[in-house]
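Me: I'm new to this one. Can you walk me through it?
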Amino acid sequence: MDSLKRTHSVNGFANVKSDAQQGLDDSSYQQWASLLEQRTGVLVTEPRRQFLESKIRQRMREIGLSDPLEYLESLQEGPLAAVEWAVLVDRLTVHETHFYRHLPSYELVRDRIVPDYLNGLRQGHHEHAFHAWSVGCSTGEEAYSLAMMLGQISQSQVRPFHFGVTGTDVSQPSLKTARAGVYGLERILEVPEQYRSRFCQERDDGQFEITAQITGRTGFAAVNLMDIRSFPIQQLELIFCHNILIYFSMLKRQEILHHMVRFLRPGGYLVLAPGEIPHWTHPLMTLVKHHRTLAFQRLAGETDA
Ligand SMILES: C[S@@+](CC[C@H](N)C(=O)[O-])C[C@H]1O[C@@H](n2cnc3c(N)ncnc32)[C@H](O)[C@@H]1O
C-alpha cells in the first residue's frame, strides 16, 4: 500500500480529475490494475484497460466521488472497504456464462467420467457419492448444467447414485442469482430438451426455475481462488474449470491447478476449457484424449506429490 501512496504523491491525480471522460492516467491505471490482480488474480491487459476505467468511473459517479485516489484509498481501509470492494469486484470481472456452454466438455462428463465412476461402483471398488466442483460458476448455469446431467443419468440407473455439485465464485451478486435458480426463457432455451422438460419448471411470471431435485443437490459458496491454498475441499470426482484461469497470469494458473490436483480423488477428473492453459503437465495427472476437450485424470492409487 505504501508504494501505491508513494506513487500517488509523486504523480498525483491532477490529470485524471481534469480528464474524467478519458479514463485514468497511466500511473493510476497501473495501481488499479495491480490492486485487482493482487486481490482476484485477474490480469487487466491493455485491451481491457478501457473497460476497467469506465467501470471505475461509473462506480465513482454512483457513490458521488470524483477523486480516484480517494476511492482507491477507501477500498484499502475504513468500515465500508470490504462492502465497496465486493460491489466493485463484481463490476470488474467478466461473468458471461451459459448453460452447456462448451458441449464437448459435457459430453466427456456424460460419456466417460460418469461411466467410469459407475463402473467403480458396480465392481465394488468404491461406494462414495459423485462430488463435482464448478469453479468460477458465475450465475450458476454451469453448476446446474452438471447437476441436471448427473440427475438424469442417476435416475436412469437401476440404483440411482448420490451426487452433489458445488459452485463457487468471488462475486456475491452472481451467487445470489445462482442460489435463486431462476432464469428467463432465453437462457433456459440453452438447456437441451431432455433436461429442460424434466428439470426446468415454468412459473406464473414466465420465468423458469430449476426444480428442487436439482437445486437440492447443488450448493454455492463465496470463495476467492486466490485463497485456494486453504480450501477445505477434497475427494472430488470432477473439477470443472472453464473461462476463469484465462484471466490469470500463467504463474497463477499453474499454482491454482497444482492445488486442484490435491482436491481430486485418485481417478478423478479435471476438465478445463480448451485454451485455459497451454502445455500444462503434472506428475500425478494424465491427459485425457477426447474430441475438442482439455481434460486430465488423476492417476489411480497415487498419493500427493
Ligand atoms: C467468465 S465467468 C465463467 C463462468 C463459467 N465458468 C463459464 O465458463 O461459463 C468467470 C467467473 O470467474 C469469477 N472469478 C474471477 N476471479 C475470481 C477469483 N479470484 N475467485 C473466484 N472467482 C473468480 C468471476 O466472478 C466470474 O463469475
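This is a predicted model: local features need pLDDT of at least 70, side-chain atom pairs count only at pLDDT 80 or more; totals for chains, interfaces and linings use all residues.

Me: Which residues of α3 are buried?
Reply: The buried ones are S28, Q31, W32, A33 and L36.

Me: How far apart are the end C-alpha atoms of α3, and what should the helix span?
Reply: The ends are 21 Å apart.

Me: Zooming out. What domains does the assignment give?
Reply: The domain assignment gives domain 1 (2-92) and domain 2 (103-298).

Me: How many Å separate their centres?
Reply: The centres of domain 1 and domain 2 are separated by 34 Å, taken over C-alpha atoms.

Me: And how many residues are in contact between the two?
Reply: On the domain 1 side there are 8 residues, in contact with 12 residues of domain 2.

Me: Which helices supply at least two residues each to that side of domain 1?
Reply: α3 (26-40) and α6 (81-92) do. The largest share comes from α6, with 3 residues.

Me: What kinds of residues make up that side?
Reply: The side of domain 1 that touches domain 2 has 4 nonpolar, 2 polar and 2 charged residues.

Me: New topic, the ligand. How many residues surround it, and which are the closest?
Reply: The ligand is surrounded by 23 residues. T97, G136, S138, H242 and N243 are the closest.

Me: How does that shell divide by residue type?
Reply: It has 12 polar, 7 nonpolar and 4 charged residues.

Me: Which domains does the shell draw at least three residues from?
Reply: Domain 1 (2-92) and domain 2 (103-298) each give at least three residues to the shell around the ligand.

Me: Now the strands. In what order do they sit in the open sheet, and is the pairing parallel or antiparallel?
Reply: The order is β3-β5-β4, and the pairing is antiparallel. The open sheet has 3 strands.

Me: Which ones are the edge strands?
Reply: β3 (182-183) and β4 (200-202). Each pairs on one side only.

Me: How many bridges join β3 and β5?
Reply: β3 pairs with β5 (residues 208-210) over 2 bridges, in the antiparallel sense.

Me: What is the bridge partner of V182 in β5?
Reply: The partner of V182 is E209.

Technical notes
Residues are numbered from 1 along each chain as its sequence is written. Domain bounds come from an automatic or database domain assignment. Two residues are in contact if their C-beta atoms, placed from the backbone, lie within 7 Å. Helices (H or I, at least four residues) and strands (E, at least two) are DSSP runs, numbered from the N terminus. Ala, Val, Leu, Ile, Met, Phe, Trp, Tyr, Cys and Pro count as nonpolar, Asp, Glu, Lys and Arg as charged, and the others, Gly among them, as polar. A residue is near a molecule or strand if its C-beta atom, placed from the backbone, lies within 6 Å of it. Two strands pair if DSSP finds at least two bridges between them. The expected span of a helix is 1.5 Å times one less than its number of residues. A residue is buried if 20 or more other C-beta atoms lie within 10 Å of its own, exposed if 12 or fewer, and partly exposed in between; C-beta atoms are placed from the backbone.
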